[in-house]
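Colleague: I have a few questions about this one before I use it in a figure. Can you put it up and walk me through it?

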Amino acid sequence: MEKHLFLGDEAIAQAAIDAGISGVYAYPGTPSTEITEFIQHSPLAREKGIHSRWSTNEKTALETALGMSYAGKRALCCMKHVGLNVAADCFMNAAMSGVNGGLILVTADDPSMHSSQNEQDNRVYGNFAMIPVFEPSSQQEAYDMVYEGFELSERLGYPILLRITTRMAHSRAGVIRRPEKPENPLNCPADGRQRFILLPALARKRYQALLEKQSSFVEASENSSYNCYLDAPDKKLGILTTGIAFNYLKENYPDGFVNPVLKICQYPLPRKQVEQLVEECDEILVLEEGFPVVEEQLKGFLGKGVVVHGRLDGTLPRAGELNPDMVGKALGKEIRNYYAMPEVVEQRPPALCQGCGHRDLFEALNEVIREYEGAKVFGDIGCYTLGALPPFRAIDTCIDMGAAITMAKGAADAGVFPAIGVIGDSTFTHSGMTGLLDCVNEKSNVTIVISDNETTAMTGGQDSAGTGRLEAICIGLGVDPAHVRVMIPLKKHFEEMKAVIREEIEYPGVSVLIPTRECIQTLTRKKKESKKQ
């Protein structure tokens, strides 16, 4: 059969289309963004009328996907790992309510923090919610897991978490597609009020049902084709490996495994296979990308006397991605560090694009805040976070989406003046609006800058939910219209910008400055497209 060269993200997207989804819901976040973009640009998806508009944030994305599932349709929801923190409220409770139409939530984890502020492993969330988790070791498995996963979700009656990592998301391999399935008919659940109203009396029943379903989840893992026991003669060491780490193990054994290997790509842990590995082998080595999730579980349910090696005992590094060299070293092999970065290669720090409006903002802001001893600027997640680096050094904090506004408020409450928050347009609508409402309600002495480049630039220029509406949103939240100031961040307006910033810092209340100029990258792309036409 014909093979298609797909990124891991693209394999997931194509599988969802082929499996008959009716909608994909997501907020852009590397390394998950390409899943939704693939569906948006797919002629087949357009022909089928699959919903693929970006959501305002991950919470709204998952809640909307759950609503589509309630109606009996299949829905895909995608986000990067930290996005699940935003969607956690719905996620945990969707594990209680269960689903009607199949629902798969893709979380793209980022070990080594290539483009993230932490490297959390969302298999922990899967265990927390007590639902099935898939973790593919190849692009073909990623495709197959999604294609089959919707049916499994409907059969079990619960959402499925698909966990991938950066290397899986952004590497390519040949993938064989399967026949297209039709979309599910509209079919709301007959027992919907008993399942989807989580009042305490009903929620207690749903929790008990979830507990009783655990044996079915384990049975599904034990019978899964994605979990396999590969026997070998040397029983001194048994190797348990998960997801993409299986590939690093294979690279160390080009002629075949000499130790028994248990490959796990579906959770909960398949207990029978795990117990077989432990009974047959003297010691266990756990190879997993991310947190020592399996390693901790093994030590928890296998009891004393079982020697387990992995990230917890220093056999493997506790932080960062694995690679074949690290795995080879853990196996006791002589390693030549093929995957080490040569000394001649120097990391190039990221920088704001030449011509970026954020540059003009930070230059003006820096000049003004030099006039104020003790001024603090609270940053947020986006391109403008690069304002923390030279030559600007204009930002004092960057914690999570929306924290620029709320941290500025907290600092102002503590007596810091001026307390300035810098946030982007997409991040403001994602999770900054509620913080601004807190500021309005308490008449906080803060100056909030919404640096508007009219797109979600950090992840490639996706639509921004507030484009053209930021001023109205701020006024609607209660900010005095006289102190919602729109500026054009260009050199010719430099002195005017400084004057406006200074005026609003001096205003003893909530001020919002909106420097607006289209992202130089999206503008360049638009000009190129117009020339083609």
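**Salt bridges, sheet and loops**

Modeller: Glutamate 371 is partly exposed, with a relative accessible area of 45%, where buried means under 20%, exposed over 50% and partly exposed anything in between, computed with a 1.4 Å probe on protein chains only. Before we go on, please note that this is a predicted model, in which local features need pLDDT of at least 70 and side-chain atom pairs count only at pLDDT 80 or more, while totals for chains, interfaces and linings use all residues. Residues are numbered from 1 along each chain as its sequence is written, and side-chain values use heavy atoms, with hydrogens and water left out.

Colleague: Which residue forms a salt bridge with glutamate 371?

Modeller: Arginine 502 does, with the closest N and O atoms 2.9 Å apart; a salt bridge here is a side-chain nitrogen of Lys or Arg within 4 Å of a carboxyl oxygen of Asp or Glu. This pair links distant parts of the chain, 131 residues apart, since arginine 502 sits in helix α19 and glutamate 371 in the loop between α15 (357-369) and β14. Helices (H or I, at least four residues) and strands (E, at least two) are DSSP runs, numbered from the N terminus. Arginine 502 also counts as partly exposed, at 28% relative accessibility.

Colleague: How many salt bridges are there in the whole structure?

Modeller: The search finds 33. One of them joins the side chains of arginine 163 and aspartate 109 at 2.7 Å, N to O. It connects distant parts of the chain, with arginine 163 in strand β6 (residues 160-165) and aspartate 109 in strand β4 (residues 103-109), 54 residues apart.

Colleague: And are arginine 163 and aspartate 109 buried or exposed?

Modeller: Both arginine 163 and aspartate 109 are buried. Arginine 178 forms another salt bridge, with glutamate 148, where the closest N and O atoms are 2.6 Å apart. Arginine 178 lies in the loop between β7 (172-176) and α9 (192-195) and glutamate 148 in helix α7 (residues 139-156), so this pair also links distant parts of the chain, 30 residues apart. Arginine 178 is partly exposed at 28% relative accessibility, and glutamate 148 is partly exposed at 32%.

Colleague: Switching to the sheet: in what order do the 5 strands come?

Modeller: They form an open sheet in the order β14-β15-β16-β18-β17, with parallel pairing; two strands pair if DSSP finds at least two bridges between them. At the edges stand β14 (376-378) and β17 (484-487), each with a single partner strand, so one side of each is left without a neighbour in the sheet. Neighbouring strands of this sheet are turned by 20 degrees against each other on average, direction ignored.

Colleague: How many bridges join β16 to β18?

Modeller: There are 4, between residues 446-451 of β16 and residues 510-515 of β18, and the two strands run parallel. Within that pairing, isoleucine 448 has valine 512 in β18 as its bridge partner.

Colleague: Which strands does helix α19 touch?

Modeller: Helix α19 (residues 494-506) packs on the sheet, touching β15, β16, β17 and β18, and its direction makes about 165 degrees with that of β17. Contact means heavy atoms within 4.5 Å, and the angles run from 0 to 180 degrees between N-to-C directions of lines fitted to C-alpha atoms, for helices over the stretch in contact. Helix α16 (residues 403-414) lies across β14, β15 (419-424) and β16, and runs at about 175 degrees to β15.

Colleague: What about the phi of arginine 393?

Modeller: Arginine 393 has a positive phi of about 50 degrees although it is not a glycine. Arginine 393 sits in the loop between β14 and α16 and is exposed, with a relative accessible area of 60%. Glutamate 454, likewise not a glycine, has a positive phi of about 65 degrees; glutamate 454 is in the loop between β16 and α18 (470-476) and counts as partly exposed at 33% relative accessibility.
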